[in-house]
Amino acid sequence: SMSTTNDQQPWMLTNYEYGGGVNALHDEIEHFYNYIVSTPTEYLMRLEAVKRIETVVKSVWANASIQVFGSFCTGLNLPISDIDIAVNDFYGQGDEPLLDLKNALIARGVADNINVLDKARVPVVKFTERISQVKFDISFNTTSGVQAANMVKKYIDQFPDLPKLVIVLKQFLMLQGLNEVYSSGGISSYALTLMCIGFLQKHTLETTTTSYKSHKKLGQLLVKFLDYYGRKFDYFKYGITLHSDDGCVEKAVLLRKFGADNWLSSVLTIEDPITPSNDIGRSSYGALYVKQCFHMAFAKLSKLVDLDTSMVHGSMLAALVTVPQWVINYRDWVHYSFQHL
């Protein structure tokens, strides 16, 4: 594996001249992305875990179809991301699939920390798969997650920079404790991905008029994203949509579309491209805190990017992200335990 500098910034390459400025930031984002995305071993370990869960599901409903969606399907997962699975076409006795699955998981001893969230908008069974220690979210009778994953893949084809932007920002929000909607009112991975796509639509619209095209544009994109959602975007007046060229729309227009049950809108409003009456930002009650974090990150990062190259020592990206020791330990354990795959 690549030799890297210190513990907290293991993505930094030792024998690499980063220099400074926005080009050096671009290189760092590339290196961070290459470091954090799944290795073949990590990918295969997750695949094996999915197969084990599939076996349990089929033991309850022989005809069930199982589809993986979410970040593991799109390739936008962090090493510790959970795996989303949709179970469809199941015909069982009882009409309580969540409890039936929970009981099967207990009986077969394949899961720890099983939680049944039956009051959620999409009811879900959450657990940790014992062998891999990967967290799973299993939902029933839902196709929207699978459609969303396919849509995100199309946008990744359209915007090759999208995954790198999303992965850095996901790590940033995770470290701020703002990547969980339920516990912290932060923004979900899906919401963040839609924000990134909306931003890239707007950015592309603005840059197609100018002839300047930089091949090292990740640094500039990250700084501009943080500036846009941290300072410029008016969350009270506008919502985010992928159906307009610049990725945003007046909130009043969206609220009419959402209908009566959404008259009490949240600060962050994001039109779900799969289910247009659904506001993806609705539960993100900490959205203004997310905005503040983006603003602070912009202030730090833009200062570092503007510094004279000779002043920059070490990592610029470390102003936003680190890799916690427990994540490094988990990955080491995975590579040691599953190298045979």
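Biologist: Contact here means heavy atoms within 4.5 Å. Leaving aside neighbours within four places in sequence, which residues is Y229 in contact with?

Modeller: Welcome to a predicted model, where local features need pLDDT of at least 70, side-chain atom pairs count only at pLDDT 80 or more, and totals for chains, interfaces and linings use all residues. Residues are numbered from 1 along each chain as its sequence is written, and side-chain values use heavy atoms, with hydrogens and water left out. With those sequence neighbours set aside, the partners of Y229 are M195, G198, F199, Y235, I240, K291 and F294.

Biologist: Which residues have the most contacts inside the largest nonpolar core?

Modeller: A nonpolar core is a set of buried (under 20% relative accessible area, 1.4 Å probe, protein chains only) Ala, Val, Leu, Ile, Met, Phe, Trp, Tyr and Cys residues joined through side-chain atoms within 4.5 Å. The largest one has 69 residues, and those with the most contacts inside it are M195, L222, F225, L226, Y229 and F294.

Biologist: Which residues do ring pairs link into a cluster?

Modeller: Rings of Phe, Tyr and Trp (its six-membered ring) pair if their centres lie within 6.5 Å. The whole structure holds 18 aromatic pairs. Ring pairs build a cluster from F172, F199, F225, Y228, Y229, F233, Y235, Y238 and F294.

Key: Rings of Phe, Tyr and Trp (its six-membered ring) pair if their centres lie within 6.5 Å; planes under 30 degrees apart count as stacked, over 60 as edge-to-face and the rest as tilted. Buried means under 20% relative accessible area, exposed over 50%, partly exposed in between (1.4 Å probe, protein chains only).
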